[in-house]
Amino acid sequence: MYLTREEEKVLDGDLGAGYEKMMLILVKMGDIFGAERLIPVKSAQISGVSYRTIGDAGLHFLKSLRGVRVSVPATLNPLAFDDDYLKELHVDEEMYKKQMEIIKAYMDMGIKPTMTCTPYYYDNVPDFGEHIAWAESSAVIYANSIIGARTNREGSVSALASAVIGKTPEYGYHIKENRKATHIVDVKFEPEGEDFPLIGLFVGSALDGVPYLRIRGDCTDFKLMGAAMAASGSIALYHVEGITPEYRGALSDDVERITVGRDDIEEFKGAPVDVELVAIGCPHVSREELRKIAEFLDGKKKKRGVELWIFAAKSVMDRSEEYVNVIRKFGGKVMKDTCVVVSNAGKIYSYIGTNSGKAAFYLRKEKFGGANVVVRDMYTLLRSVIE
Amino acid sequence: MIIQGKVIYPGVVEGEAVKCEKPVVILGDVDAKKGTVEGCGKVKDKILVFPRGAGSTVGSYTIYALRYYNTAPAGIIVENAEPIVVAGSIIAEIPTVDSIDISLIKPGMLVKIEKDRVIIPD
(Lines give C-alpha, C1' and ligand atoms only; values in the text may rest on other atoms or scores of the structure.)
Protein backbone atom coordinates (compact mmCIF):
# COMPACT_ATOMS: atom_id res chain seq x y z
CA MET A 1 0.00 0.00 0.00
CA TYR A 2 1.23 3.49 -0.84
CA LEU A 3 1.70 5.74 2.19
CA THR A 4 2.45 9.45 2.17
CA ARG A 5 5.50 10.70 3.99
CA GLU A 6 3.27 11.98 6.79
CA GLU A 7 1.52 8.64 7.14
CA GLU A 8 4.91 6.89 7.24
CA LYS A 9 5.97 9.14 10.08
CA VAL A 10 2.91 8.27 12.15
CA LEU A 11 3.57 4.59 11.43
CA ASP A 12 7.16 5.05 12.62
CA GLY A 13 5.88 6.33 15.94
CA ASP A 14 6.63 10.05 15.53
CA LEU A 15 3.35 10.93 17.29
CA GLY A 16 3.69 8.23 19.95
CA ALA A 17 2.64 4.61 20.46
CA GLY A 18 -1.14 5.24 20.45
CA TYR A 19 -1.17 6.88 17.03
CA GLU A 20 1.32 4.31 15.73
CA LYS A 21 -1.01 1.43 16.67
CA MET A 22 -4.04 3.13 15.13
CA MET A 23 -2.13 3.71 11.89
CA LEU A 24 -0.81 0.14 11.88
CA ILE A 25 -4.39 -1.19 12.13
CA LEU A 26 -5.45 0.82 9.04
CA VAL A 27 -2.35 -0.20 7.09
CA LYS A 28 -2.75 -3.90 7.87
CA MET A 29 -6.47 -3.77 7.03
CA GLY A 30 -5.54 -2.14 3.74
CA ASP A 31 -3.01 -4.90 3.08
CA ILE A 32 -5.42 -7.77 3.66
CA PHE A 33 -8.17 -6.18 1.55
CA GLY A 34 -5.87 -5.02 -1.25
CA ALA A 35 -6.27 -1.25 -0.77
CA GLU A 36 -3.78 0.90 -2.63
CA ARG A 37 -3.92 3.90 -0.31
CA LEU A 38 -5.62 5.56 2.61
CA ILE A 39 -8.38 8.08 1.88
CA PRO A 40 -9.75 10.83 4.17
CA VAL A 41 -13.04 10.21 5.99
CA LYS A 42 -15.50 12.87 7.15
CA SER A 43 -16.66 11.11 10.31
CA ALA A 44 -16.60 7.95 12.39
CA GLN A 45 -19.28 6.08 14.36
CA ILE A 46 -17.75 3.96 17.07
CA SER A 47 -19.12 0.73 18.60
CA GLY A 48 -17.63 -1.11 21.57
CA VAL A 49 -19.16 1.20 24.15
CA SER A 50 -21.00 -1.13 26.53
CA TYR A 51 -19.08 -2.24 29.63
CA ARG A 52 -20.89 -5.56 29.27
CA THR A 53 -19.19 -6.34 25.97
CA ILE A 54 -15.74 -4.69 26.20
CA GLY A 55 -15.30 -5.26 29.95
CA ASP A 56 -12.38 -4.20 32.15
CA ALA A 57 -9.92 -5.05 29.40
CA GLY A 58 -11.59 -2.69 26.92
CA LEU A 59 -11.66 0.06 29.51
CA HIS A 60 -7.97 -0.53 30.23
CA PHE A 61 -7.14 -0.24 26.54
CA LEU A 62 -9.10 2.99 26.08
CA LYS A 63 -7.38 4.50 29.10
CA SER A 64 -4.01 3.46 27.63
CA LEU A 65 -4.74 5.81 24.70
CA ARG A 66 -4.47 8.83 26.98
CA GLY A 67 -3.35 11.82 24.93
CA VAL A 68 -4.64 10.39 21.65
CA ARG A 69 -7.34 12.58 20.04
CA VAL A 70 -9.72 12.02 17.16
CA SER A 71 -9.12 14.13 14.07
CA VAL A 72 -12.65 13.94 12.58
CA PRO A 73 -16.12 14.17 14.18
CA ALA A 74 -16.84 10.89 15.92
CA THR A 75 -19.95 9.62 17.72
CA LEU A 76 -20.74 6.66 20.00
CA ASN A 77 -23.06 3.65 19.91
CA PRO A 78 -25.65 2.96 22.65
CA LEU A 79 -24.73 1.46 26.00
CA ALA A 80 -26.45 -0.77 28.56
CA PHE A 81 -28.65 1.83 30.26
CA ASP A 82 -30.28 5.24 30.42
CA ASP A 83 -29.15 6.81 33.69
CA ASP A 84 -32.72 8.01 34.34
CA TYR A 85 -33.87 4.35 34.48
CA LEU A 86 -31.15 2.53 36.42
CA LYS A 87 -33.61 0.65 38.63
CA GLU A 88 -35.94 -0.40 35.80
CA LEU A 89 -32.96 -1.71 33.82
CA HIS A 90 -31.42 -3.57 36.78
CA VAL A 91 -28.11 -1.68 36.67
CA ASP A 92 -25.81 -2.19 39.65
CA GLU A 93 -23.30 0.32 40.99
CA GLU A 94 -20.23 -1.44 39.59
CA MET A 95 -21.76 -1.52 36.10
CA TYR A 96 -22.72 2.15 36.33
CA LYS A 97 -19.28 3.25 37.53
CA LYS A 98 -17.34 1.28 34.91
CA GLN A 99 -19.66 2.41 32.11
CA MET A 100 -19.12 6.05 33.04
CA GLU A 101 -15.34 5.50 32.99
CA ILE A 102 -15.63 4.12 29.45
CA ILE A 103 -17.65 7.14 28.30
CA LYS A 104 -15.12 9.46 29.93
CA ALA A 105 -12.22 7.71 28.18
CA TYR A 106 -13.95 8.22 24.82
CA MET A 107 -14.78 11.85 25.65
CA ASP A 108 -11.14 12.48 26.63
CA MET A 109 -10.28 11.52 23.05
CA GLY A 110 -12.70 14.13 21.72
CA ILE A 111 -15.51 11.73 20.84
CA LYS A 112 -19.09 12.98 21.26
CA PRO A 113 -21.10 11.05 23.89
CA THR A 114 -24.16 10.71 21.65
CA MET A 115 -24.76 7.02 22.39
CA THR A 116 -27.14 6.33 19.54
CA CYS A 117 -27.36 3.91 16.62
CA THR A 118 -29.07 6.65 14.55
CA PRO A 119 -26.41 9.38 14.50
CA TYR A 120 -27.63 10.24 10.99
CA TYR A 121 -30.67 12.19 12.29
CA TYR A 122 -28.84 15.04 14.07
CA ASP A 123 -25.54 14.07 15.74
CA ASN A 124 -23.39 12.97 12.81
CA VAL A 125 -25.07 13.55 9.45
CA PRO A 126 -23.22 12.39 6.34
CA ASP A 127 -23.83 13.73 2.84
CA PHE A 128 -24.23 11.85 -0.40
CA GLY A 129 -20.91 10.54 -1.73
CA GLU A 130 -18.94 11.26 1.45
CA HIS A 131 -16.46 8.69 2.71
CA ILE A 132 -17.05 7.79 6.34
CA ALA A 133 -15.83 5.01 8.67
CA TRP A 134 -18.78 3.71 10.62
CA ALA A 135 -19.29 0.74 12.86
CA GLU A 136 -22.86 -0.23 13.95
CA SER A 137 -24.22 -2.31 11.12
CA SER A 138 -27.69 -0.66 11.07
CA ALA A 139 -26.16 2.81 10.70
CA VAL A 140 -23.72 1.55 8.05
CA ILE A 141 -26.51 0.13 5.88
CA TYR A 142 -28.65 3.28 6.35
CA ALA A 143 -25.76 5.62 5.47
CA ASN A 144 -24.87 3.59 2.37
CA SER A 145 -28.37 2.83 1.09
CA ILE A 146 -30.59 5.76 2.10
CA ILE A 147 -28.05 8.62 2.21
CA GLY A 148 -25.54 7.37 -0.35
CA ALA A 149 -22.51 7.97 1.85
CA ARG A 150 -19.72 5.40 1.55
CA THR A 151 -18.58 3.14 4.32
CA ASN A 152 -17.54 -0.43 4.92
CA ARG A 153 -18.82 -2.29 7.96
CA GLU A 154 -16.13 -1.16 10.34
CA GLY A 155 -15.36 -2.86 13.61
CA SER A 156 -15.16 -1.26 17.04
CA VAL A 157 -11.41 -0.76 16.86
CA SER A 158 -11.05 -0.02 13.15
CA ALA A 159 -13.67 2.77 13.42
CA LEU A 160 -11.72 4.18 16.37
CA ALA A 161 -8.50 3.98 14.34
CA SER A 162 -10.15 5.86 11.48
CA ALA A 163 -11.50 8.49 13.89
CA VAL A 164 -8.00 9.08 15.24
CA ILE A 165 -6.12 9.05 11.92
CA GLY A 166 -8.99 10.60 9.93
CA LYS A 167 -8.57 8.05 7.14
CA THR A 168 -9.59 4.59 6.01
CA PRO A 169 -8.06 2.12 3.54
CA GLU A 170 -9.71 2.47 0.14
CA TYR A 171 -11.45 -0.86 -0.56
CA GLY A 172 -14.92 -2.38 -0.57
CA TYR A 173 -17.83 0.07 -0.56
CA HIS A 174 -15.55 3.10 -0.87
CA ILE A 175 -15.08 2.10 -4.51
CA LYS A 176 -17.98 2.90 -6.84
CA GLU A 177 -17.67 -0.28 -8.85
CA ASN A 178 -18.26 -2.43 -5.73
CA ARG A 179 -21.55 -0.65 -4.97
CA LYS A 180 -23.45 -2.27 -7.83
CA ALA A 181 -26.18 -4.82 -7.16
CA THR A 182 -25.23 -8.49 -7.01
CA HIS A 183 -28.77 -9.87 -6.57
CA ILE A 184 -32.28 -8.90 -7.64
CA VAL A 185 -34.69 -9.68 -4.84
CA ASP A 186 -38.10 -10.22 -6.36
CA VAL A 187 -40.68 -9.60 -3.62
CA LYS A 188 -43.88 -11.41 -4.63
CA PHE A 189 -46.29 -9.20 -2.65
CA GLU A 190 -46.87 -5.55 -1.68
CA PRO A 191 -45.07 -5.22 1.65
CA GLU A 192 -46.57 -3.24 4.51
CA GLY A 193 -45.99 -2.86 8.27
CA GLU A 194 -43.90 -5.66 9.73
CA ASP A 195 -43.21 -7.11 6.26
CA PHE A 196 -40.25 -4.74 5.91
CA PRO A 197 -38.17 -6.00 8.87
CA LEU A 198 -39.22 -9.57 8.06
CA ILE A 199 -38.05 -9.21 4.44
CA GLY A 200 -34.81 -7.84 5.91
CA LEU A 201 -34.29 -10.88 8.11
CA PHE A 202 -34.96 -13.22 5.19
CA VAL A 203 -32.71 -11.42 2.71
CA GLY A 204 -29.84 -11.15 5.23
CA SER A 205 -29.96 -14.88 5.84
CA ALA A 206 -30.39 -15.74 2.14
CA LEU A 207 -27.58 -13.80 0.49
CA ASP A 208 -24.26 -12.06 0.97
CA GLY A 209 -23.87 -9.17 -1.44
CA VAL A 210 -25.77 -6.09 -2.60
CA PRO A 211 -29.52 -6.77 -3.08
CA TYR A 212 -31.72 -4.72 -5.42
CA LEU A 213 -35.41 -4.45 -4.56
CA ARG A 214 -38.45 -2.95 -6.26
CA ILE A 215 -40.76 -2.21 -3.35
CA ARG A 216 -42.50 0.86 -2.00
CA GLY A 217 -42.17 2.22 1.53
CA ASP A 218 -40.89 5.17 3.54
CA CYS A 219 -37.54 5.82 5.20
CA THR A 220 -38.67 4.21 8.46
CA ASP A 221 -39.75 1.06 6.63
CA PHE A 222 -36.36 0.86 4.95
CA LYS A 223 -34.50 1.70 8.16
CA LEU A 224 -36.17 -1.33 9.79
CA MET A 225 -35.59 -3.52 6.73
CA GLY A 226 -31.91 -2.60 6.49
CA ALA A 227 -31.19 -3.07 10.18
CA ALA A 228 -32.70 -6.57 10.00
CA MET A 229 -30.69 -7.42 6.85
CA ALA A 230 -27.47 -6.30 8.51
CA ALA A 231 -28.25 -8.29 11.67
CA SER A 232 -29.16 -11.64 10.13
CA GLY A 233 -26.33 -11.38 7.60
CA SER A 234 -23.41 -9.23 6.59
CA ILE A 235 -25.15 -6.91 4.10
CA ALA A 236 -23.89 -3.28 4.18
CA LEU A 237 -25.70 -1.81 1.15
CA TYR A 238 -28.95 -2.42 -0.71
CA HIS A 239 -30.68 -0.63 -3.57
CA VAL A 240 -34.38 0.18 -3.56
CA GLU A 241 -35.61 1.49 -6.87
CA GLY A 242 -36.53 5.16 -6.56
CA ILE A 243 -35.11 5.45 -3.01
CA THR A 244 -31.40 4.59 -2.95
CA PRO A 245 -29.58 7.61 -4.44
CA GLU A 246 -27.40 5.33 -6.59
CA TYR A 247 -30.06 2.87 -7.80
CA ARG A 248 -29.71 4.05 -11.41
CA GLY A 249 -26.90 2.09 -13.00
CA ALA A 250 -26.74 -0.34 -10.07
CA LEU A 251 -28.03 -3.22 -12.16
CA SER A 252 -25.98 -5.20 -14.66
CA ASP A 253 -26.69 -8.43 -16.54
CA ASP A 254 -24.50 -10.27 -14.12
CA VAL A 255 -26.85 -10.54 -11.16
CA GLU A 256 -28.41 -13.47 -9.38
CA ARG A 257 -32.13 -13.52 -8.76
CA ILE A 258 -33.97 -14.65 -5.66
CA THR A 259 -37.66 -14.44 -4.83
CA VAL A 260 -39.39 -13.72 -1.52
CA GLY A 261 -42.91 -14.95 -0.94
CA ARG A 262 -45.14 -14.57 2.11
CA ASP A 263 -44.16 -18.08 3.23
CA ASP A 264 -40.47 -17.14 3.31
CA ILE A 265 -40.91 -14.40 5.90
CA GLU A 266 -43.49 -16.17 8.08
CA GLU A 267 -40.92 -18.09 10.16
CA PHE A 268 -39.34 -14.83 11.40
CA LYS A 269 -42.61 -13.33 12.61
CA GLY A 270 -43.15 -15.24 15.86
CA ALA A 271 -46.43 -16.79 17.01
CA PRO A 272 -48.93 -14.45 18.70
CA VAL A 273 -48.55 -14.23 22.49
CA ASP A 274 -49.57 -11.79 25.20
CA VAL A 275 -46.46 -9.65 25.50
CA GLU A 276 -45.10 -8.12 28.74
CA LEU A 277 -43.06 -5.51 26.95
CA VAL A 278 -43.56 -3.58 23.73
CA ALA A 279 -40.22 -2.21 22.54
CA ILE A 280 -39.99 0.31 19.70
CA GLY A 281 -36.76 1.93 18.62
CA CYS A 282 -34.25 -0.57 17.25
CA PRO A 283 -32.76 1.34 15.49
CA HIS A 284 -33.63 4.40 17.61
CA VAL A 285 -36.83 6.19 16.56
CA SER A 286 -36.93 9.40 14.54
CA ARG A 287 -38.85 12.56 15.49
CA GLU A 288 -41.45 11.47 12.94
CA GLU A 289 -41.92 8.08 14.63
CA LEU A 290 -42.23 9.79 18.03
CA ARG A 291 -44.90 12.05 16.58
CA LYS A 292 -46.93 9.12 15.23
CA ILE A 293 -46.67 7.25 18.53
CA ALA A 294 -47.70 10.32 20.55
CA GLU A 295 -50.63 11.09 18.26
CA PHE A 296 -51.90 7.53 18.57
CA LEU A 297 -51.57 7.38 22.36
CA ASP A 298 -52.85 10.87 23.15
CA GLY A 299 -55.91 10.65 25.41
CA LYS A 300 -55.87 6.83 25.57
CA LYS A 301 -55.50 4.70 28.70
CA LYS A 302 -52.65 2.23 29.19
CA LYS A 303 -53.45 -1.41 29.75
CA ARG A 304 -52.07 -2.92 32.98
CA GLY A 305 -49.49 -5.69 32.80
CA VAL A 306 -47.74 -4.53 29.66
CA GLU A 307 -44.91 -2.02 29.45
CA LEU A 308 -44.20 0.33 26.54
CA TRP A 309 -40.55 1.29 26.08
CA ILE A 310 -39.44 3.60 23.27
CA PHE A 311 -35.74 4.13 22.52
CA ALA A 312 -34.33 7.27 20.90
CA ALA A 313 -31.22 9.40 20.63
CA LYS A 314 -31.07 12.17 23.23
CA SER A 315 -30.79 14.66 20.36
CA VAL A 316 -34.09 13.38 18.94
CA MET A 317 -35.82 13.48 22.34
CA ASP A 318 -34.61 17.03 22.98
CA ARG A 319 -36.23 18.14 19.74
CA SER A 320 -39.48 16.28 20.42
CA GLU A 321 -40.34 17.22 23.98
CA GLU A 322 -44.05 17.61 23.23
CA TYR A 323 -44.30 14.01 21.93
CA VAL A 324 -42.13 12.57 24.72
CA ASN A 325 -44.41 14.21 27.27
CA VAL A 326 -47.54 12.68 25.72
CA ILE A 327 -45.97 9.20 25.72
CA ARG A 328 -44.83 9.57 29.34
CA LYS A 329 -48.22 10.86 30.42
CA PHE A 330 -49.76 7.78 28.83
CA GLY A 331 -47.45 5.62 30.96
CA GLY A 332 -44.80 4.69 28.41
CA LYS A 333 -41.07 5.13 28.95
CA VAL A 334 -38.90 6.97 26.47
CA MET A 335 -35.25 6.06 26.99
CA LYS A 336 -32.03 7.59 25.66
CA ASP A 337 -28.51 6.17 25.26
CA THR A 338 -29.60 2.52 25.27
CA CYS A 339 -31.85 0.05 23.45
CA VAL A 340 -33.82 -3.12 23.94
CA VAL A 341 -30.89 -5.27 22.76
CA VAL A 342 -27.95 -3.85 24.74
CA SER A 343 -29.87 -3.17 27.97
CA ASN A 344 -31.05 -5.91 30.33
CA ALA A 345 -34.56 -5.83 28.79
CA GLY A 346 -34.22 -9.28 27.23
CA LYS A 347 -33.34 -10.77 30.61
CA ILE A 348 -36.09 -8.93 32.50
CA TYR A 349 -38.94 -9.80 30.11
CA SER A 350 -39.70 -13.16 28.48
CA TYR A 351 -42.46 -12.06 26.09
CA ILE A 352 -41.57 -9.09 23.94
CA GLY A 353 -43.32 -7.42 21.04
CA THR A 354 -41.30 -5.22 18.68
CA ASN A 355 -41.38 -3.76 15.18
CA SER A 356 -37.67 -4.52 14.84
CA GLY A 357 -36.37 -7.59 13.02
CA LYS A 358 -32.93 -6.80 14.36
CA ALA A 359 -34.12 -6.77 17.98
CA ALA A 360 -35.99 -10.05 17.39
CA PHE A 361 -32.89 -11.63 15.86
CA TYR A 362 -30.77 -10.88 18.93
CA LEU A 363 -33.32 -11.15 21.75
CA ARG A 364 -34.28 -14.67 20.64
CA LYS A 365 -30.68 -15.77 21.26
CA GLU A 366 -29.86 -17.39 24.62
CA LYS A 367 -27.07 -14.89 25.26
CA PHE A 368 -29.54 -11.99 25.23
CA GLY A 369 -32.12 -13.78 27.38
CA GLY A 370 -33.77 -16.05 24.80
CA ALA A 371 -37.11 -14.20 24.98
CA ASN A 372 -40.19 -15.13 23.01
CA VAL A 373 -40.31 -12.28 20.50
CA VAL A 374 -43.06 -11.30 18.07
CA VAL A 375 -42.48 -8.86 15.21
CA ARG A 376 -45.47 -6.67 14.38
CA ASP A 377 -45.98 -3.24 12.86
CA MET A 378 -45.94 -0.22 15.14
CA TYR A 379 -49.70 0.38 15.27
CA THR A 380 -50.51 -3.27 16.06
CA LEU A 381 -48.05 -3.04 18.95
CA LEU A 382 -49.49 0.23 20.20
CA ARG A 383 -53.03 -1.19 20.07
CA SER A 384 -51.85 -3.99 22.37
CA VAL A 385 -50.84 -1.54 25.11
CA ILE A 386 -54.10 0.43 25.29
CA GLU A 387 -57.32 -0.41 27.16
CA MET B 1 10.80 -25.93 7.17
CA ILE B 2 10.16 -22.24 6.60
CA ILE B 3 6.68 -21.02 5.64
CA GLN B 4 6.48 -17.50 4.27
CA GLY B 5 3.49 -15.42 5.38
CA LYS B 6 2.53 -11.80 5.97
CA VAL B 7 3.22 -10.04 9.22
CA ILE B 8 0.30 -8.47 11.08
CA TYR B 9 2.13 -7.63 14.30
CA PRO B 10 5.88 -8.24 14.27
CA GLY B 11 7.86 -10.29 16.77
CA VAL B 12 10.08 -13.30 17.29
CA VAL B 13 8.49 -15.93 19.51
CA GLU B 14 8.49 -19.69 19.95
CA GLY B 15 6.05 -22.14 21.52
CA GLU B 16 3.94 -25.22 21.31
CA ALA B 17 1.16 -25.05 18.71
CA VAL B 18 -2.46 -25.04 19.92
CA LYS B 19 -4.65 -25.55 16.90
CA CYS B 20 -8.31 -24.86 16.17
CA GLU B 21 -9.53 -26.47 12.96
CA LYS B 22 -12.60 -24.23 12.63
CA PRO B 23 -12.92 -20.41 12.54
CA VAL B 24 -12.87 -19.02 16.08
CA VAL B 25 -15.82 -16.85 17.17
CA ILE B 26 -13.61 -14.59 19.28
CA LEU B 27 -16.42 -13.01 21.34
CA GLY B 28 -17.90 -16.29 22.51
CA ASP B 29 -15.30 -19.04 22.05
CA VAL B 30 -12.50 -17.24 23.89
CA ASP B 31 -12.53 -17.09 27.70
CA ALA B 32 -9.88 -14.49 28.40
CA LYS B 33 -9.91 -14.90 32.19
CA LYS B 34 -9.22 -18.63 31.89
CA GLY B 35 -7.06 -18.22 28.79
CA THR B 36 -8.93 -20.87 26.82
CA VAL B 37 -10.39 -21.20 23.35
CA GLU B 38 -13.42 -23.48 23.25
CA GLY B 39 -12.55 -26.78 21.63
CA CYS B 40 -8.81 -26.00 21.50
CA GLY B 41 -7.61 -25.67 25.11
CA LYS B 42 -5.31 -23.34 27.00
CA VAL B 43 -3.35 -20.79 24.98
CA LYS B 44 -1.08 -18.97 27.46
CA ASP B 45 2.50 -18.72 26.13
CA LYS B 46 1.64 -21.05 23.24
CA ILE B 47 1.31 -20.39 19.53
CA LEU B 48 -2.38 -20.19 18.70
CA VAL B 49 -3.14 -21.49 15.20
CA PHE B 50 -6.56 -21.12 13.54
CA PRO B 51 -8.09 -20.47 10.09
CA ARG B 52 -9.67 -17.08 10.86
CA GLY B 53 -11.64 -15.06 13.38
CA ALA B 54 -15.43 -14.73 13.21
CA GLY B 55 -18.35 -13.03 14.95
CA SER B 56 -18.72 -9.61 16.54
CA THR B 57 -16.02 -7.04 15.88
CA VAL B 58 -15.93 -6.34 19.62
CA GLY B 59 -13.88 -9.57 19.60
CA SER B 60 -10.78 -7.40 19.12
CA TYR B 61 -11.19 -6.33 22.75
CA THR B 62 -11.38 -10.00 23.77
CA ILE B 63 -7.94 -10.54 22.23
CA TYR B 64 -6.75 -7.53 24.22
CA ALA B 65 -8.33 -9.13 27.31
CA LEU B 66 -5.98 -12.13 26.89
CA ARG B 67 -3.11 -9.71 27.39
CA TYR B 68 -4.91 -7.88 30.23
CA TYR B 69 -5.53 -11.09 32.18
CA ASN B 70 -2.02 -12.38 31.43
CA THR B 71 -3.31 -15.42 29.57
CA ALA B 72 -2.23 -14.40 26.06
CA PRO B 73 -0.61 -16.76 23.57
CA ALA B 74 3.02 -16.01 22.69
CA GLY B 75 1.98 -15.68 19.06
CA ILE B 76 -0.86 -16.16 16.60
CA ILE B 77 -0.82 -17.86 13.20
CA VAL B 78 -3.85 -17.51 10.90
CA GLU B 79 -4.68 -18.59 7.40
CA ASN B 80 -6.89 -15.58 6.54
CA ALA B 81 -6.59 -12.52 8.72
CA GLU B 82 -9.78 -10.45 9.06
CA PRO B 83 -10.43 -7.17 10.92
CA ILE B 84 -11.13 -8.73 14.35
CA VAL B 85 -7.77 -10.50 14.51
CA VAL B 86 -5.85 -7.67 12.81
CA ALA B 87 -7.05 -4.99 15.26
CA GLY B 88 -6.98 -7.39 18.23
CA SER B 89 -3.42 -8.63 17.80
CA ILE B 90 -2.13 -5.11 17.17
CA ILE B 91 -3.72 -3.54 20.26
CA ALA B 92 -2.70 -6.58 22.36
CA GLU B 93 0.82 -6.57 20.82
CA ILE B 94 0.75 -10.29 20.06
CA PRO B 95 3.16 -11.29 17.25
CA THR B 96 0.85 -12.47 14.46
CA VAL B 97 1.44 -13.96 11.03
CA ASP B 98 -1.18 -14.24 8.28
CA SER B 99 -1.49 -16.24 5.02
CA ILE B 100 -0.04 -19.45 6.42
CA ASP B 101 -1.20 -22.87 5.20
CA ILE B 102 -2.10 -24.16 8.64
CA SER B 103 -2.56 -27.75 7.44
CA LEU B 104 1.24 -27.95 7.71
CA ILE B 105 1.09 -27.30 11.46
CA LYS B 106 0.14 -30.15 13.80
CA PRO B 107 -1.08 -29.60 17.38
CA GLY B 108 1.76 -29.87 19.90
CA MET B 109 4.43 -29.05 17.31
CA LEU B 110 7.18 -26.63 18.39
CA VAL B 111 6.63 -23.57 16.19
CA LYS B 112 8.66 -20.40 15.78
CA ILE B 113 7.39 -17.08 14.47
CA GLU B 114 10.02 -14.76 12.99
CA LYS B 115 8.19 -11.63 11.85
CA ASP B 116 6.65 -12.71 8.52
CA ARG B 117 7.90 -16.31 8.62
CA VAL B 118 6.88 -19.42 10.48
CA ILE B 119 9.44 -22.13 11.16
CA ILE B 120 8.28 -25.68 11.86
CA PRO B 121 10.30 -28.90 12.39
CA ASP B 122 11.14 -30.78 9.14
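**View 1. Helix α3 of chain B is mostly covered.** Helices here are DSSP runs of H or I, at least four residues long, and strands are runs of E, at least two long; both are numbered from the N terminus. Among the buried residues are Pro83(B), Ile84(B), Gly88(B) and Ala92(B). Glu93(B) follows α3(B) and has a positive phi, near 55°.

This is a predicted model: local features need pLDDT of at least 70, side-chain atom pairs count only at pLDDT 80 or more, and totals for chains, interfaces and linings use all residues. Residues are numbered from 1 along each chain as its sequence is written, while chains are lettered from A and ligands numbered from 1 in the order in which they are written.

**View 2. Chain B meets chain A.** The contact takes 18 residues from chain B and 22 residues from chain A. Two residues are in contact if their C-beta atoms, placed from the backbone, lie within 7 Å. On the chain B side, β2 (6-9), α2 (59-68) and α3 each supply at least two residues. α3(B) gives the most, with six residues.

**View 3. Chain A has a domain assignment with domain 1 (5-175), domain 2 (180-266) and domain 3 (277-383).** These bounds come from an automatic or database domain assignment. The C-alpha centres of domain 1 and domain 3 of chain A lie 26 Å apart. Their contact takes 18 residues from domain 1 of chain A and 17 residues from domain 3 of chain A.

Key: Buried ≥ 20, exposed ≤ 12 C-beta atoms within 10 Å, placed from the backbone.
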